[in-house]
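Please consult the sequence and the structure displayed below while reading.

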Amino acid sequence: MSEQKNMPVISRYDRLLSASVFSREVDLKGDGKLQTVYSVCIQRSYQNKKKGDEWIREKINLTPDECLRMAAMLTRTYQETLDYAREHKKDSQNGGNYPAQSFDAPEAPAADLDDDIPF
């Protein structure tokens, strides 16, 4: 018997970041009744220049409720980073301009990708 791969029910991509939602049937109460539960896999891919351009993938799995709390926390942290950079502008090499990274428009993922690195 071949095992079927659990495919995401929702996938979102933004450059080298992705979020995928997976569903599965679980007997939560032990009474034999299956309920659908969801988890969200958040991934980030990057090239490790120190290891010969090897692609690295980091991921974390969250519940839908944890995603909301994480999103709120990240929004606050981003704003606090901007505020901190403005306060310490004279100490910064880039003049306190944040974000310092490039935010070019993402390319659409190729439809025929076998591997999801990079996204």
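The sections below cover the overall fold, the strands, the helix, the salt bridges and the surface.

## Overall architecture

The model is predicted. The chain has 119 residues, of which 13% are buried.

Contacts between residues at least 6 apart in sequence include a share of 27% that join residues at least 24 apart.

## Strand pairing

Strands β2 and β3 are paired in the antiparallel sense over ten bridges. Within this pairing, Val 26 is found opposite Gln 35 in β3. Strand β3 is also joined to β4 by nine bridges, and these two strands again run antiparallel. Here Ser 45 has Arg 57 of β4 as its bridge partner.

The β3 and β4 strands form a hairpin, with five residues lying between them. Gly 52, located in the turn, has a positive phi of about 70°.

## The surroundings of Ser 20

Ser 20 belongs to strand β2, which spans residues 17–26. With a relative accessible area of 7%, Ser 20 counts as buried because this value is under 20%. Beyond its neighbours within four places in sequence, Ser 20 is in contact with Pro 8, Ile 10 and Ser 11, and also with Ser 39, Val 40 and Cys 41.

## Helix α1

Helix α1 comprises residues 64–87, a total of 24 residues. The distance from its first C-alpha to its last is 35 Å, close to the 34 Å expected at 1.5 Å a residue.

Which residues of α1 are buried? They are Cys 67, Leu 82 and Ala 85. These buried residues of α1 pack against strand β3 and against strand β4, the latter formed by residues 54–62.

## Salt bridges

The model contains three salt bridges. One joins Arg 44 to Glu 58, with the closest N and O atoms 2.8 Å apart. Because Arg 44 lies in strand β3 and Glu 58 in strand β4, this pair ties together parts that are 14 residues apart in sequence. Both partners are partly exposed: Arg 44 has a relative accessible area of 38%, and Glu 58 has one of 36%.

Another salt bridge links the side chains of Arg 86 and Asp 83, at 3.3 Å from N to O. These two residues are three apart in helix α1, so about one helical turn separates them. Arg 86 is exposed, at 53% relative accessibility, whereas Asp 83 is partly exposed, with a relative accessible area of 33%. A further salt bridge is formed by Asp 14 and Arg 15, whose closest N and O atoms are 3.1 Å apart. Asp 14 is partly exposed, with a relative accessible area of 33%, and Arg 15 is likewise partly exposed at 33% relative accessibility.

## A nonpolar surface patch

Val 9, Ile 10 and Tyr 38 make a nonpolar surface patch of about 280 Å². Tyr 38 is located in strand β3, which covers residues 35–48. With a relative accessible area of 44%, Tyr 38 is partly exposed. Ile 10, besides taking part in this patch, is one of the residues in contact with Ser 20.

Note on methods: Residues are numbered from 1 along each chain as its sequence is written. This is a predicted model: local features need pLDDT of at least 70, side-chain atom pairs count only at pLDDT 80 or more; totals for chains, interfaces and linings use all residues. Side-chain values use heavy atoms; hydrogens and water are left out. Helices (H or I, at least four residues) and strands (E, at least two) are DSSP runs, numbered from the N terminus. Buried means under 20% relative accessible area, exposed over 50%, partly exposed in between (1.4 Å probe, protein chains only). Contact means heavy atoms within 4.5 Å. Patches are made of residues with over 30% relative accessible area and no salt bridge: like charges are joined within 9 Å, nonpolar side chains (Val, Leu, Ile, Met, Phe, Trp, Tyr) within 5 Å. Accessible areas come from the Shrake-Rupley method with a 1.4 Å probe; for residues, only the protein chains shown count as cover. A salt bridge is a side-chain nitrogen of Lys or Arg within 4 Å of a carboxyl oxygen of Asp or Glu. The expected span of a helix is 1.5 Å times one less than its number of residues. Two strands pair if DSSP finds at least two bridges between them.
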